[in-house]
Amino acid sequence: MLSQELIDSTILLLVLLNPFLLCIYLLDLIQGLDTKAFAKTMTRAGLMSAAVYFGFAVAGDRLFTYAFKVRYESFLIFGGIVFLLVSIRLVMVGSSALRGLRGDAPQGAEGTALPFMLGPGTISAAIVTGSRVSIPEAAGAIGFSVFICVTSLILLKWVHDLIRRRYEPIMERYLDTIGRIMALLTGTIAVDMILSGLGKWLETGIS
């Protein structure tokens, strides 16, 4: 029987690993690579991301406290601000906002994994998952979430190629609308990250 903590942690990871938002971010790769090459690239990116998530799930906020000598609360607040700014820009401008923010087209697994697959929100979710459930359960939640994300991206790539030639204007409008809707959810999570960071900061003192 799956525990509620495990279910909640998996849902949080799935929400933050948003394939629809990633689809907009990776639109250049989706349009420029064939399905086989795209699937290979995203599989590498997914494996790398899962390894980093698992490392943070095991180390937890101790990594920030003892290795980086900073508070985990500061990471939550700053990460929330970054996500909030990106979300606001995406809601106001549309999908072109992400293309402008990412600069040059990403290259290889490293480029595709950042900044969303290995963003502050997903890393925080991995830390929360590690604190809520056992290590094997955390590994299962991370592996399942990354698998769903990568599989969804490959499926979206296939659908995009299938209908792009005939319905490209409709596809562009669809991606823009979905991006704005998903940005509302991402922005809400970003505000929650900021509030959580401020709450933990106030609990432990302002020193």
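Helices here are DSSP runs of H or I of at least four residues, and strands are runs of E of at least two, numbered from the N terminus.

**View 1. Overall fold of the predicted model.** The protein holds 10 helices and 0 strands, and its elements, read along the sequence, follow the pattern α-α-α-α-α-α-α-α-α-α. Of its 207 residues, 43% count as buried, while the protein exposes about 10,900 Å², with carbon and sulfur atoms supplying 68% of that area. Among the contacts between residues at least 6 apart in sequence, 88% join residues at least 24 apart.

**View 2. Segments listed as transmembrane in the record.** An unreviewed UniProt entry lists residues 6–27, 47–68, 74–92, 141–160 and 181–202 under "transmembrane region". Over residues 6–27 the chain is 86% helix and 0% strand, and the C-alpha atoms at the ends of this stretch lie 32 Å apart. Over residues 181–202 the chain is 100% helix and 0% strand, again with 32 Å between the end C-alpha atoms.

**View 3. A nonpolar surface patch that includes Leu162.** Leu162 is placed in helix α10, which covers residues 135–204. Is Leu162 buried or exposed? Leu162 counts as exposed because its relative accessibility is 56%, and the cut-off for that class is over 50%.

Definitions and conventions. Residues are numbered from 1 along each chain as its sequence is written. This is a predicted model: local features need pLDDT of at least 70, side-chain atom pairs count only at pLDDT 80 or more; totals for chains, interfaces and linings use all residues. Side-chain values use heavy atoms; hydrogens and water are left out. UniProt positions are given in the numbering used here, feature names are shortened, and annotations may be inferred rather than shown by experiment. Patches are made of residues with over 30% relative accessible area and no salt bridge: like charges are joined within 9 Å, nonpolar side chains (Val, Leu, Ile, Met, Phe, Trp, Tyr) within 5 Å. Accessible areas come from the Shrake-Rupley method with a 1.4 Å probe; for residues, only the protein chains shown count as cover. A salt bridge is a side-chain nitrogen of Lys or Arg within 4 Å of a carboxyl oxygen of Asp or Glu. Buried means under 20% relative accessible area, exposed over 50%, partly exposed in between (1.4 Å probe, protein chains only). Contact means heavy atoms within 4.5 Å.
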